[in-house]
Amino acid sequence: MSDLTDSFTTISQELKEKNVSLVAVSKTKPADMIEAMYKKGQFDFGENYVQELVGKQQELPEDIRWHFIGHLQRNKVKYIAPFIHMIQSVDSEKLLREVNKQALKFERRIDCLLQVHIAEEDTKTGLDENEITTLLPKLSQFSNVQVKGIMGISTLTDDQQKVKDEFKRLKTIFDHCNQSEFVQNSWNTLSMGMSADYKMAIEKGSTMVRIGSLLFGARQ
Ligand SMILES: *Cc1c(COP(=O)(O)O)cnc(C)c1O
């Protein structure tokens, strides 16, 4: 445990200097590990599974900012809508519409990121550049969500050049959207970079990294 605590201190210091936000990805890890990191000053945590997240949210301090980063089914939005801080994995207009509906119901505003499909390998999760361009003019319809940027997951590979190229593309798409008349000052979050590649992601312009195993230890 003390090794992991050290790595939190080192990484959070490094990110602070670079003005990059840290989402500590706590999926599969117990609540007491999250609480220990919270007590060291970490408020943003990322989870992938609705049921697991709801359980932890009930157990842990109320001022934790929870980020949903996994695939989200529309019929489950209602379970996290009362408390979720940011949904990073919005991969369709239909999902965005449902998030808005639930946010309205709970009289909240929910921050969202559009998940961009960038890695070659996985079965297509996320939007491509055309779909994003089509979605931007519609964002003003959604009164209770604020779309703040994009999220991308790089290909799991040892090929550093490939990962670098993917981060460059995400940054290009992010900048391109930023010039659109349909996004206002709220467009400020480029979420890319995980344990294995966060340094390179920051070099390429990431403003938010999602780090799990490097902080909490390997997952089963
Ligand atoms: C699990 C996960 C992470 C964290 O991965 P690590 O390699 O443990 O840092 C980041 N982003 C998403 C979308 C994830 O599912």
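Is S26 buried or exposed? S26 is buried: its relative accessible area is 0%, and anything under 20% gets that label. Keep in mind that this is a predicted model.

**Getting to know S26**

- You'll find S26 in a loop, the one that runs between β1 (21-25) and α2 (31-39).
- The side chain of S26 makes a polar contact with the side chain of E47, at 2.6 Å.
- E47 also turns up among the residues that S26 touches, and so do I34, F45, G46, E52, K56, W66 and F216, leaving aside residues up to four places away in sequence.

**Aromatic rings that pair up**

- To describe a pair of aromatic rings, you give the distance of the centres and the angle of the planes.
- How many aromatic pairs are there? The count comes to three.
- Y38 counts as buried, because its relative accessibility is 19% and the cut-off is under 20%.
- F43 has a relative accessibility of 30%, so F43 counts as partly exposed.
- Why is the pair of F174 and W187 called stacked? Their planes are at 25 degrees, with the ring centres 6.0 Å apart, and planes under 30 degrees apart count as stacked.
- F174 belongs to helix α7 (residues 160-178), while W187 is in the loop between α7 and β7 (189-191), so their pairing ties together parts 13 residues apart in sequence.
- Both partners are tucked away: F174 is buried at a relative accessible area of 7%, and W187 is buried at 4%.

**Around the ligand**

- Which residues surround the ligand? They are V25, K27, N48, I69, I153, M194, S195, R210, I211, G212, S213 and R219.
- K27 has an N or O atom in its side chain 2.7 Å from an oxygen atom of the ligand.
- N48 also reaches an oxygen atom of the ligand, with a polar side-chain atom 2.8 Å away.
- On its own, the ligand has 390 Å² of accessible area, and the protein covers 89% of that.

Methods
Residues are numbered from 1 along each chain as its sequence is written. This is a predicted model: local features need pLDDT of at least 70, side-chain atom pairs count only at pLDDT 80 or more; totals for chains, interfaces and linings use all residues. Side-chain values use heavy atoms; hydrogens and water are left out. Helices (H or I, at least four residues) and strands (E, at least two) are DSSP runs, numbered from the N terminus. Buried means under 20% relative accessible area, exposed over 50%, partly exposed in between (1.4 Å probe, protein chains only). A polar contact is a pair of N or O atoms within 3.5 Å; within protein, one must be able to donate a hydrogen and the other to accept it, and residues adjacent in sequence count only if both atoms are side-chain atoms. Contact means heavy atoms within 4.5 Å. Rings of Phe, Tyr and Trp (its six-membered ring) pair if their centres lie within 6.5 Å; planes under 30 degrees apart count as stacked, over 60 as edge-to-face and the rest as tilted. A residue is near a molecule or strand if one of its heavy atoms lies within 4 Å of it. Accessible areas come from the Shrake-Rupley method with a 1.4 Å probe; for residues, only the protein chains shown count as cover.
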